[in-house]
Amino acid sequence: MQRIIIGNGIAGSHAAAVLRRRDPDCQITIVSAGALLFYNRYDLPDVFRGRGDWVDYLVYPPSYYDEQNIKLRRKTLVKDVDPNKRTICLSHREALSYDQLLVATGGTGYIPERLLEYSDSMISFNNYRLAMMVRKALPDGGVVIMLGGDVLGLDLARTLIETGHSVVLVAGDRTFWPHEIDADDRPRYLEALRRMGLEVVDGRRIDRVESSHGKRPARQVIFEDGEVLKGDVVMPFYGLTPSVDFMSSAGIDIERGILVNPQLKTTGDDIWAAGDVCQIWSPQQNAYHFYYGWKNVKMMGEVAARNMTGDEVPFSATVDEQIQLQEDGTIYSPFWEYD
Ligand SMILES: Cc1cc2nc3c(=O)[nH]c(=O)nc-3n(C[C@H](O)[C@H](O)[C@H](O)COP(=O)(O)OP(=O)(O)OC[C@H]3O[C@@H](n4cnc5c(N)ncnc54)[C@H](O)[C@@H]3O)c2cc1C
C-alpha cells in the first residue's frame, strides 16, 4: 500500500505518524514544497527572542523519518493530481503513484487584491525564511506596521511588544480573523489591543505601500486621505487562503477549501484532506466549516489517518473558537495555544 501525503505541517506530519503506528508495513511518502523538516510555525515569533536556528523549531529530530520509515521529499511542489490514474504530478514533471492520498497543504497568507501590487514592499510571516527576513529588517526598538491584524499577526504583535518593538495596527474587517466580532463589541476589542501596547489605526483606507528609497524608516503606508504612516517593516495579516490551486483539475469538490465529509474524505476516490486546506461538513451547522488551531489541525491529521486505515470516525473540534476579553482587559485567542 503506497500512501502519499502532500504537506509537511502539523496535519500531514501527525497523519504520517498515526498511519505508521496503525500500519507498520505500508509505504508512506510526504511531499512538501518547503525546504525544512516539520517545524513548529507557532513558535516563529521566538526569532525575536534570539531563537535563530531552524533546528530549534523542529518537532522531531532529523533521524525521525528514517526511524519511522517515512520518506520525506522536500522542496517538491505538487502541480497536479490525477485521480483517474491515481498519480500526483510534481513541478519537474515526475509522477508518483498512490493507493491513498492525503492532501494537507494548509494555507498561505491572503492579501487583498488592491494591495497585491505592493507585495514587494511587505514581508509576510509564513515560514522560517520569512521570519528571519523580518528579524533582519527590523532594528532594535523598530516599528512594524501590521496590516489587517488576524490572530496570527496579533500573536506576533504580543512578542514584538514584549521584545521592545512598536506595532502600529491598521485595523479593518480582517482584524481578529478567524474570529468574528460583533460591530457593537468591536470598539472594546480594539481598546483591548491598545491596552496590550499596540497603536491602532482604524477606519482608514490604504492607498499604497512604498519604500522610503534608502531613508529610515524603510517603509511608508499612504492612506487615501494623504496621511503617511512610517515604519521599518510592513506586514500583511489578513488571514489564510487554502492552498488548493494544484487540485483545480482533479475533479474533486472545492469551494474555498477542499470539501470533505466529517470523516475527512473528499469527493475523490481514496483522497482525504486535513488541516487548514479543508472545509468540513458540519451536520450541526448544516454547512461546511473551517476549523483552525494547532489542536484541531492535529486532530484532523489523526482522524484522516484512522479513516484511511479502516475506521469511520468523524472529526469533532477540540478547540473552543471564542475569542475572550479577559478580566485584565487584554484579549486571548484559543488559537494561540498548542501542545
Ligand atoms: C507563522 C505562522 C504562525 C501561525 N500561528 C498560528 C497560531 O498561533 N494559531 C493558529 O491557529 N494558527 C496559526 N497559524 C496557522 C497554522 O499554520 C495552521 O493552523 C496550522 O499550522 C496548519 O497546519 P496544516 O498542516 O494544515 O498546514 P501547514 O502547516 O500550512 O502546512 C502545509 C504544508 O503543505 C505544503 N504545501 C503547500 N502546497 C503544496 C504543494 N502544492 N506541493 C507540495 N507541498 C505543498 C507546505 O510546504 C507545508 O509543508 C500560523 C501560521 C503561520 C504561518
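This is a short walk through the model above, one selection at a time.

The structure is a predicted model: local features need pLDDT of at least 70, side-chain atom pairs count only at pLDDT 80 or more, and totals for chains, interfaces and linings use all residues. Residues are numbered from 1 along each chain as its sequence is written.

**Stop one: the two domains**

Start by colouring domain 1 (2–106 + 243–308) and domain 2 (110–239); such bounds come from an automatic or database domain assignment. Taken over C-alpha atoms, their centres are separated by 30 Å. Where they touch, 12 residues of domain 1 meet 12 residues of domain 2, a contact being two C-beta atoms, placed from the backbone, within 7 Å. On the domain 1 side, the touching residues are 10 nonpolar, one polar and one charged. Here Ala, Val, Leu, Ile, Met, Phe, Trp, Tyr, Cys and Pro count as nonpolar, Asp, Glu, Lys and Arg as charged, and the others, Gly among them, as polar.

**Stop two: the core**

Which residues have the most contacts inside the largest nonpolar core? Select Leu-264 and Ala-274, in a core of 94 residues. Such a core is a set of buried Ala, Val, Leu, Ile, Met, Phe, Trp, Tyr and Cys residues joined through C-beta atoms within 7 Å. Buried means 20 or more other C-beta atoms within 10 Å of a residue's own, exposed means 12 or fewer, and partly exposed is in between, with C-beta atoms placed from the backbone. Helix α6 (residues 294–308) gives the most to this core, with seven residues.

**Stop three: a helix pair**

Next, show α1 (residues 10–22) with α6. Helices (H or I, at least four residues) and strands (E, at least two) are DSSP runs, numbered from the N terminus. The two helices pack at about 35°, their axes 8 Å apart; axes are lines fitted to C-alpha atoms, for helices over the stretch in contact, and angles run from 0 to 180 degrees between N-to-C directions. Among the residues making the contact are Ala-11, Ala-15 and Val-18 of α1, and Met-300, Gly-301 and Ala-304 of α6. The contact residues divide into 11 nonpolar, three polar and four charged.

Most residues other than glycine have a negative phi, and most peptide bonds are trans. Here are some exceptions to click on.

- Trp-177 to Pro-178 is a cis peptide bond, with omega near 5°; Pro-178 sits in the loop between β10 (166–171) and α5 (186–195).
- Arg-216 and Pro-217 are also joined by a cis bond, with omega about -10°; look for Pro-217 in the loop between β12 (206–211) and β13 (219–223).
- Asn-69 has a positive phi near 55° and lies in the loop between α2 (64–67) and β3 (70–73). It counts as exposed because it has 12 C-beta neighbours inside 10 Å.
- Lys-75 has a positive phi of about 50°, in the loop between β3 and β4 (78–82). With 10 C-beta neighbours inside 10 Å, Lys-75 counts as exposed.

**Last stop: Tyr-42**

Finish in the loop between β2 (27–31) and α2, where Tyr-42 is found. Is Tyr-42 buried, partly exposed or exposed? It is partly exposed, with 17 other C-beta atoms within 10 Å. Leaving aside neighbours within four places in sequence, Tyr-42 is in contact with Trp-294 and Tyr-338.
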